[in-house]
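Hi there,

Here is the structure I promised to pass on to you. Please open it beside this email, and then read on for what turned up in it.

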Amino acid sequence: NNQARIEKDTAKSVNDIVEEFLPLVLAKRKSGNSVRAATYTFNIIKKAIGHIDIKKLTREDIENRLILPNKDKVAQAKNIYSYLKRLLSHAIDQDYVEIDPAKKIKNPILEIPNKKRDIFLTRDELGKSFQALYEDNTIPDEYKIALHLLLMLMVRKMDILANKWSNIDFERKEMFIPNTKNGTNLIVPLPWQAVKLLEILKNDYGTDGYIFKGKINGTHLAHN
């Protein structure tokens, strides 16, 4: 009886492990989409198998409760499986379990390749799109320039929207992006068209703080 009571007191559910591991994951991420994606995925895991004792979690639980219900959403099934593997690796590191029950899963759903992103605008369509964008008087100029710079420089949204004038070097025609998604710094060369767009913003809004200023003082334009 004493042994059974000790085991009950020290038992860890999948939910317990998520509550312990999720803050470690979020601490390494910037705010925004990556935080929401991780939180959303772990909530799916909690809802499906959170009540199960981590030591009693089986391959069948994972396949039947997590992978198969998402068989029509292949990318999501793969993402859930990836996060679960990381969660179980943490559980092993903390000596909560000795074996990863997901290790032997060979479900065909996980082997389906992701769809290629092969939808694109032709050069003519792209020109017409920007012409329509700039002729639309209901869209603020800074939104138009933000969209234009995103496609021109091919960087992440927040790398532009959360950037500051102090990171623009007009003489060298460079944009410095500190602490990118993978934690490194990046220097982006600015073509003359990008310089012209930034000069428009500089003349209209000044060079204080963020390049794209938000509605509230001291904030930047929201990513959405």
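Let's start with Met-154, which counts as exposed because its relative accessibility is 65%, over the 50% cut-off. You will find Met-154 in the loop between helix 8 (141-153) and helix 9 (157-161). Although Met-154 is not a glycine, its phi is positive, at about 55 degrees. Please keep in mind that this is a predicted model.

Asp-95 is another residue to look at for its backbone angle. Its phi is near 65 degrees, again a positive value in a residue other than glycine. With a relative accessible area of 67%, Asp-95 is exposed.

Now for helix 5 itself, which covers residues 74-93. Why does its length make sense? At 1.5 Å a residue, its 20 residues should span 28 Å, and the C-alpha atoms at its ends are 29 Å apart, so the two values agree. Several residues of helix 5 are buried, including Val-74, Ile-80, Tyr-83, Leu-84, Leu-87 and His-90.

That brings us to the inside of the model. In soluble globular proteins, nonpolar side chains tend to be buried together. Here, the largest nonpolar core has 32 residues, and the members that touch the most others are Phe-42, Ile-45, Ile-49 and Ile-54. Two or more residues of this core come from each of helix 2 (14-26), helix 3 (33-49), helix 4 (59-67), helix 5 and helix 6 (108-111). Helix 5 gives the largest share, eight residues.

Which residues does Phe-42 touch, not counting those up to four places away in sequence? They are Val-18, Phe-21, Leu-22, Val-25, Tyr-83 and Leu-87. If you display these side chains together, you can see how Phe-42 meets each of them. Another core, of 22 residues, lies apart from the largest one, and its members include Leu-150, Leu-153, Ile-160 and Phe-212.

- Lys-85 and Asp-100: their side chains meet at 2.8 Å, N to O. Lys-85 is in helix 5 and Asp-100 is in the loop between helix 5 and helix 6, so this pair ties together parts that are 15 residues apart in sequence. Lys-85 is partly exposed at 26% relative accessibility, whereas Asp-100 is buried at 13%.
- Arg-65 and Asp-61: the distance for this salt bridge is 3.7 Å, N to O. The two residues are four apart in helix 4, which means that about one helical turn separates them. Arg-65 is partly exposed, with a relative accessible area of 38%, while Asp-61 is buried, with 16%.
- Arg-156 and Asp-159: these side chains form a salt bridge at 3.9 Å, N to O. Arg-156 counts as partly exposed at 36% relative accessibility, and Asp-159 is buried, with a relative accessible area of 7%.

Enjoy exploring, and write back with any questions!

Best wishes

Notes. Residues are numbered from 1 along each chain as its sequence is written. This is a predicted model: local features need pLDDT of at least 70, side-chain atom pairs count only at pLDDT 80 or more; totals for chains, interfaces and linings use all residues. Side-chain values use heavy atoms; hydrogens and water are left out. The expected span of a helix is 1.5 Å times one less than its number of residues. Buried means under 20% relative accessible area, exposed over 50%, partly exposed in between (1.4 Å probe, protein chains only). A nonpolar core is a set of buried Ala, Val, Leu, Ile, Met, Phe, Trp, Tyr and Cys residues joined through side-chain atoms within 4.5 Å. Contact means heavy atoms within 4.5 Å. A salt bridge is a side-chain nitrogen of Lys or Arg within 4 Å of a carboxyl oxygen of Asp or Glu.
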